[in-house]
Amino acid sequence: LKNPAWLTDTSPGAWFYRPGAQFKKPNDLIDILVDIVAKNGLMLLNVPPNPDGSIPEEMVYLLTEMGAWLEVNGEAIYKTRPWTVFGEGPTRLPEGGHKIEKIKIAYTNEDIRYTKKSEKEFFAIVMDKPQGEIILKVLSTDIGVLNSKILNVSMLGSDEQLEWKRDSRGVVIQAPASYPTDYAHAFKIVLEGYKENDIGGDVDAHKE
């Protein structure tokens with residue numbers, strides 16, 4: 001298979017009931033979900049029950065918060081495929097992958113993950129609340145990753161008209177007046193159309 005999908009199991013804390021267990025925060029789970037999907041993966045989320053079979057209040061809160069985030073940003077997650085690159089930014093997973101029950105993985109507002117809906121629509125998901133302008137560096141006009149004209153940039157869950165431009169720094173988005181959720185923020189990028197990157201010279205360049 002080309003670009004085969006994969007699945008990883010993730011737990012918000014202990015894998016089974018443990019008195020006084022500590023749970024991860026919604027932001028941690030949402031960031032890991034975004035990272036997994038951007039890399040063509042699926043998240044299998046463990047929900048450890050209490051001894052009587054009920055779901056712990058902390059877990060109910062986590063699931064409710066994740067559901068509310070997906071209500072706003074699900075378009076950038078559901079029925080998407082990986083984009084040309086999975087992302088950019090300083091944070092790298094340590095050996096062992098997405099085992100957040102064992103380690104602390106903290107993504108920043110410079111960590112951006114990409115997903116694709118079609119050849120004309122893809123998403124840039126900023127993993128933390130931006131401070132000031134947002135720069136999608138991989139979309140720089142100096143880099144041959146994107147060779148199509150961008151028609152529009154918008155933020156999921158918001159009707160605000162964003163101010164943006166594309167230059168050698170990347171796609172530079174001015175900070176919105178407000179954000180629709182407290183966690184990662186998804187920006188929808190609509191293209192004029194897909195074109196092959198013209199970086200290899202003329203087709204007949206090497207013919208004698």
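Arginine 166 has valine 171, in strand E9, as its bridge partner. The model is predicted: local features need pLDDT of at least 70, side-chain atom pairs count only at pLDDT 80 or more, and totals for chains, interfaces and linings use all residues. Residues are numbered from 1 along each chain as its sequence is written, and side-chain values use heavy atoms, with hydrogens and water left out.

- Strand E8 (residues 164-167) pairs with strand E9 (residues 170-173) in the antiparallel sense over four bridges; strands count as paired if DSSP finds at least two bridges between them.

**Overall make-up**

- The protein chain contains two helices and ten strands, which are DSSP runs numbered from the N terminus (helices H or I, at least four residues; strands E, at least two).
- Along the sequence, these elements follow the pattern β-α-β-α-β-β-β-β-β-β-β-β.
- Of the 208 residues in the protein chain, 41% are buried, meaning under 20% relative accessible area with a 1.4 Å probe, protein chains only.

**Five-stranded sheet**

- Five strands form an open sheet in the order E3-E4-E5-E10-E7, with antiparallel pairing.
- Strand E3 (81-88) and strand E7 (150-155) are the edge strands; each has a single partner strand, so one side of each lacks a neighbour in the sheet.
- From one strand to the next, the twist averages 20°; angles run from 0 to 180 degrees between N-to-C directions, and axes are lines fitted to C-alpha atoms, for helices over the stretch in contact.
- E7 pairs with strand E10 (residues 185-191) in the antiparallel sense over five bridges, and isoleucine 150 stands opposite leucine 191 in E10.
- Helix H1 (residues 26-38) packs on the sheet and touches E3, strand E4 (112-118) and strand E5 (121-126), where contact means heavy atoms within 4.5 Å.
- The direction of H1 makes about 55° with that of E4.

**Helix pair**

- H1 packs against helix H2 (residues 57-73) at an angle of about 50°, their axes being 9 Å apart.
- H1 and H2 are therefore oblique to each other; angles under 35 degrees count as roughly parallel, over 145 as roughly antiparallel, 65 to 115 as roughly perpendicular and the rest as oblique.
- Pro26, Leu29, Ile30, Leu33 and Val34 in H1 meet residues of H2, among them Tyr61, Glu65 and Trp69.

Methods: Buried < 20%, exposed > 50% of the residue type's maximum accessible area, 1.4 Å probe, protein only.
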